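Please read them with the coordinates open.

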Amino acid sequence: MPKIKTHKGTKKVLKVRKGGSIKIGRPGSRHNTGYKPTKVNRKNRKGSNLSKADQNRLKNII
């Protein structure tokens with residue numbers, strides 16, 4: 001059976017943590033940040049965990 005290649009775009013966006021959870025940046029933090037409230041920009045810096053449903057969907061391409 002052929003191997004599944006890692007999706008390079010996904011690899012650049014996601015990071016697997018020690019415990020196995022996956023870190024992803026929050027949406028809305030890339031551009032037009034000057035028009036968004038400072039509170040939103042600060043919250044977006046933290047990032048967030050990928051949900052279990054999305055982890056199961058993406059586990060083959062990471």
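**Notes on the predicted model**

1. I begin with Asn44, which, once its neighbours within four places in sequence are left aside, is in contact with Arg26, Pro27, Gly28 and Ser29. Asn44 belongs to helix α2, which covers residues 38-46, and its side chain reaches the backbone oxygen of Gly28 at 3.4 Å. With a relative accessibility of 12%, Asn44 counts as buried, because the limit for that class is under 20%.

2. As to the overall arrangement, the protein chain holds three helices and three strands, and from the N terminus on these elements follow the order α-β-β-α-β-α. The radius of gyration is 14 Å, well over the 11 Å that the globule rule gives for 62 residues, so the chain is more spread out than a compact globule. Taken along the principal axes, the box filled by the C-alpha atoms is roughly 50 × 25 × 20 Å.

3. Two further totals for the chain deserve a place beside those dimensions. Buried residues make up 15% of the 62 residues, and the accessible surface comes to about 5,600 Å², of which carbon and sulfur atoms hold 53%. Of the contacts with a separation of 6 or more, 51% are between residues 24 or more positions apart.

4. The strands form an open sheet in the order β1-β2-β3, with antiparallel pairing. Its edge strands are β1 (14-16) and β3 (48-49), each of which pairs on one side only. Between β2 and β3, which run antiparallel, there are two bridges, and Ile24 has Ser48 in β3 as its bridge partner.

5. Which residue other than glycine has a positive phi, near 60°? That residue is Asn32, and it is placed in the loop between β2 (22-24) and α2. Asn32 is partly exposed, its relative accessible area being 48%.

6. Turning to helix α3, Leu58 lies in this helix and, at 15% relative accessibility, counts as buried. Leu58 touches Leu14 and Leu50, when residues up to four places away in sequence are not counted. Leu58 and Thr10 are 48 residues apart in sequence, while their C-alpha atoms are 8.8 Å apart in space.

7. How many salt bridges does a search of the whole structure find? The search finds one, and in it the side chains of Asp54 and Arg57 meet at 3.0 Å, N to O. Both residues lie in helix α3 (residues 52-58), where they are three residues apart, about one turn of the helix.

8. Asp54 has a relative accessible area of 26% and is partly exposed, whereas Arg57, at 58%, is exposed. The two fall into these classes because exposed means over 50%, and partly exposed lies between that limit and 20%.

Methods
Residues are numbered from 1 along each chain as its sequence is written. This is a predicted model: local features need pLDDT of at least 70, side-chain atom pairs count only at pLDDT 80 or more; totals for chains, interfaces and linings use all residues. Side-chain values use heavy atoms; hydrogens and water are left out. A salt bridge is a side-chain nitrogen of Lys or Arg within 4 Å of a carboxyl oxygen of Asp or Glu. Helices (H or I, at least four residues) and strands (E, at least two) are DSSP runs, numbered from the N terminus. Buried means under 20% relative accessible area, exposed over 50%, partly exposed in between (1.4 Å probe, protein chains only). The radius of gyration is taken over C-alpha atoms; the globule rule is 2.2 Å times the number of residues to the power 0.38. Contact means heavy atoms within 4.5 Å. Accessible areas come from the Shrake-Rupley method with a 1.4 Å probe; for residues, only the protein chains shown count as cover. A polar contact is a pair of N or O atoms within 3.5 Å; within protein, one must be able to donate a hydrogen and the other to accept it, and residues adjacent in sequence count only if both atoms are side-chain atoms. Two strands pair if DSSP finds at least two bridges between them.
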